[in-house]
Amino acid sequence: MNLAEKFRDQIWGVFTDADMWMNVLLAGLRILAIFVITRVIIKVVSNVIDRSMVRETRGKMLGDNRRFSTVGGLLKNVVTFVCNFVMIMLILSEFHFDLGPLLAGAGVIGLAIGFGAQSLVKDVITGFFIIFEDQFAVGDVIQTGTYKGTVEMIGLRTTRLLSNTGEVHIIPNGTIINVTNYSLANALAVVDVPVKIERGLQSTLSLIGDALKGIEERNPNVIAYPNILGIQSMNTSEYVIRVAANCLPNARDNAERQI
């Protein structure tokens with residue numbers, strides 16, 4: 001028997017090996033089942049996340065809708081990545097790959113990437129918790145560190161603030177440690193009125209009271225008629241009368257100017 005006949009017999013043996021083809025068929029069915037189950041799991045979990053986000057955003061403001069939309073998209077991306085990774089590992093195991101060295105190599109590469117992108121990972125994680133915990137939303141006036149302004153954009157990596165004087169501050173989320181949000185509650189406008197010592201106290205209080213009448217109608221930022229608290233301080237030439245008024249969030253400066 002020559003070499004060509006031996007090769008032909010080997011090829012024929014492969015194509016007529018019923019056990020091998022049965023194993024191939026079973027492996028193919030298992031791979032197909034793994035793929036279908038993975039897609040079903042991703043679809044079901046994504047639908048659950050979408051329904052949860054719709055339930056949470058019902059009746060919410062636009063800023064909340066954007067927050068929940070961002071969180072929902074991030075969660076779905078994480079679920080898709082994890083499920084696809086597990087699916088690939090299971091499919092490779094069907095082809096009898098040794099997954100130990102592969103996982104070890106992936107771990108080393110992931111560790112190297114993690115060391116090289118620590119700040120990026122920190123920014124993303126911090127941004128996720130800022131959005132998830134609703135620390136602030138688009139349109140809020142906040143202060144973090146030396147930066148104060150209106151939130152124009154909240155991303156997973158950076159937050160963009162617009163200051164009162166027009167500067168745009170782009171802040172990495174990982175550097176946001178302490179945040180003061182001026183938009184969550186009503187503000188208190190406080191004005192100190194200096195008065196010459198020669199003027200009588202009662203006439204001064206009456207004059208200030210008359211001047212403040214109807215201020216809540218003239219300025220919608222002032223919620224109610226201000227409180228005239230009385231003398232705050234005094235010296236040999238003047239005394240200071242303090243006036244306080246509840247006003248809308250982010251309207252303290254406007255209310256103080258009106259007073």
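Val-48 counts as partly exposed because its relative accessibility is 39%; buried means under 20% relative accessible area, exposed over 50%, and partly exposed in between, with a 1.4 Å probe and protein chains only. The residue lies in helix 2 (residues 18–57), where helices (H or I, at least four residues) and strands (E, at least two) are DSSP runs numbered from the N terminus. Together with Leu-32, Phe-35, Val-36, Val-40 and Val-44, Val-48 makes a nonpolar surface patch of about 500 Å². Patches are made of residues with over 30% relative accessible area and no salt bridge, like charges being joined within 9 Å and nonpolar side chains (Val, Leu, Ile, Met, Phe, Trp, Tyr) within 5 Å. The accessible areas come from the Shrake-Rupley method with a 1.4 Å probe, and for residues only the protein chains shown count as cover.

This is a predicted model, in which local features need pLDDT of at least 70 and side-chain atom pairs count only at pLDDT 80 or more, while totals for chains, interfaces and linings use all residues. Residues are numbered from 1 along each chain as its sequence is written, and side-chain values use heavy atoms, with hydrogens and water left out.

Charged contacts come next. The whole structure contains 4 salt bridges, each defined as a side-chain nitrogen of Lys or Arg within 4 Å of a carboxyl oxygen of Asp or Glu. In one of them, Lys-76 pairs with Asp-50, with 2.9 Å between the closest N and O atoms. This pair links distant parts of the chain, since Lys-76 is in helix 3 (residues 62–94) and Asp-50 in helix 2, 26 residues apart. Lys-76 is partly exposed at 24%, and Asp-50 is partly exposed at 32%.

Asp-192 and Arg-242 also form a salt bridge, at 2.7 Å from N to O. Here strand 6 (residues 187–196), which holds Asp-192, is linked to strand 8 (residues 238–247), which holds Arg-242, across 50 residues. Lys-213 and Asp-210 meet at 3.5 Å; Lys-213 is exposed at 54%, whereas Asp-210 is partly exposed at 48%.

Helix 5 (residues 118–132) has 15 residues and reaches 21 Å from its first C-alpha to its last, close to the expected 21 Å at 1.5 Å a residue, a span given by 1.5 Å times one less than the number of residues. Its buried residues are Asp-123, Gly-127, Phe-128, Ile-130 and Ile-131. They lie on the same side of helix 5 because they cover an arc of only 165° around the axis, the arc being that of the directions from the helix axis to the C-beta atoms. Just after helix 5, Asp-134 takes a positive phi of about 55°.
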